[in-house]
Amino acid sequence: MSTASFKIVYCGPALENGTMDVRELAPALLAFGTLLEESNRVLNGTATTTSVKVKRFEDGSFGISFDLIQALKDQLIGLLTGPEVTSAANLIEILGFSGGAVSLWKLLKRAKGRKAKKATKLENGNIQIDFGDESIHVEEKVVLLYRDFNVRKALSEALKPLEREGIETLKIQTQEGIVDSATKKELSLFQAPDMEDQIISEDERIAVFSIHSLSFKEDNKWRLSDGTNTFFVTIKDHEF
């Protein structure tokens with residue numbers, strides 16, 4: 001089993017008395033749960049299951065602590081530290097809930113609402129995303145989350161309380177302190193794309209992969225490896 005924790009704090013004059021409308025809080029909490037579950041789906045496919053727990057409400061502010069609990073379906077716990085599975089701690093780091101390098105959260109803030117023009121895989125395995133007037137280097141797993149509509153939609157919905165007058169900021173905290181934030185003015189940067197939007201241009205290439213796991217069920221993905229990285233792919237060749 002793999003676990004990780006983080007805390008979010010909604011701030012603003014409307015919350016100074018330590019209360020928050022349940023009609024705003026409940027959808028936001030569910031959105032955070034969906035965000036973590038969908039991110040786990042993108043990065044780990046069906047290899048792991050997750051559960052998200054609200055640990056406690058903070059006194060004197062409207063802070064909520066989350067525990068992400070992740071378990072391998074086949075109980076091979078040792079794999080959580082290997083390249084095959086993205087652990088709970090790595091997952092929240094890739095999302096941007098524990099600081100670190102360029103995460104999904106930081107990528108969206110740096111993108112400033114611009115649509116990506118091109119994505120290029122570099123020799124070190126990272127991805128260079130071209131926004132026209134700026135290029136940003138991120139891990140491939142960040143790009144996988146950036147491209148996924150369900151992940152982006154859940155993140156957008158988790159920030160919806162900021163639309164209310166009197167709620168100005170959402171802060172992300174760890175035991176070390178505040179690692180990132182989003183303000184009311186930055187809401188548009190986290191807006192989910194329309195379904196028909198092309199987030200990153202398609203890249204078609206010929207490559208050799210080894211098969212780590214396969215499935216012939218209609219909605220299940222195959223797991224492939226190029227010797228360095230592991231990919232979850234959808235087989236769209238119906239004749240095959």
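**Core and helix packing**

Modeller: The largest nonpolar core has 53 residues, and those with the most contacts inside it are I8, Y10, F32, F97, L104, W105 and L170. Such a core is a set of buried Ala, Val, Leu, Ile, Met, Phe, Trp, Tyr and Cys residues joined through side-chain atoms within 4.5 Å. This is a predicted model, in which local features need pLDDT of at least 70, side-chain atom pairs count only at pLDDT 80 or more, and totals for chains, interfaces and linings use all residues. Residues are numbered from 1 along each chain as its sequence is written, and side-chain values use heavy atoms, without hydrogens and water.

Biologist: Which helix gives the most to this core?

Modeller: Helices are DSSP runs (H or I, at least four residues), numbered from the N terminus. With 9 residues, the leading contributor is helix 1 (residues 22-44).

Biologist: How are helix 3 and helix 5 oriented at their packing?

Modeller: Helix 3 (residues 104-111) and helix 5 (residues 149-158) have axes 13 Å apart and an angle of about 80°. Axes are lines fitted to C-alpha atoms over the stretch in contact, with angles from 0 to 180 degrees between N-to-C directions. Angles of 65 to 115 degrees count as roughly perpendicular. Helix 3 is therefore, relative to helix 5, roughly perpendicular.

Biologist: Which residues of helix 5 make the contact with helix 3?

Modeller: Contact means heavy atoms within 4.5 Å. Helix 3 supplies L104, W105 and L108, and helix 5 supplies V151, R152 and L155.

Biologist: Is Q173 buried or exposed?

Modeller: Q173 lies in strand 7 (residues 169-174). Buried means under 20% relative accessible area and exposed over 50%, with a 1.4 Å probe and protein chains only. Because its relative accessibility is 19%, Q173 counts as buried.

How values were computed: Helices (H or I, at least four residues) and strands (E, at least two) are DSSP runs, numbered from the N terminus. Angles under 35 degrees count as roughly parallel, over 145 as roughly antiparallel, 65 to 115 as roughly perpendicular and the rest as oblique.
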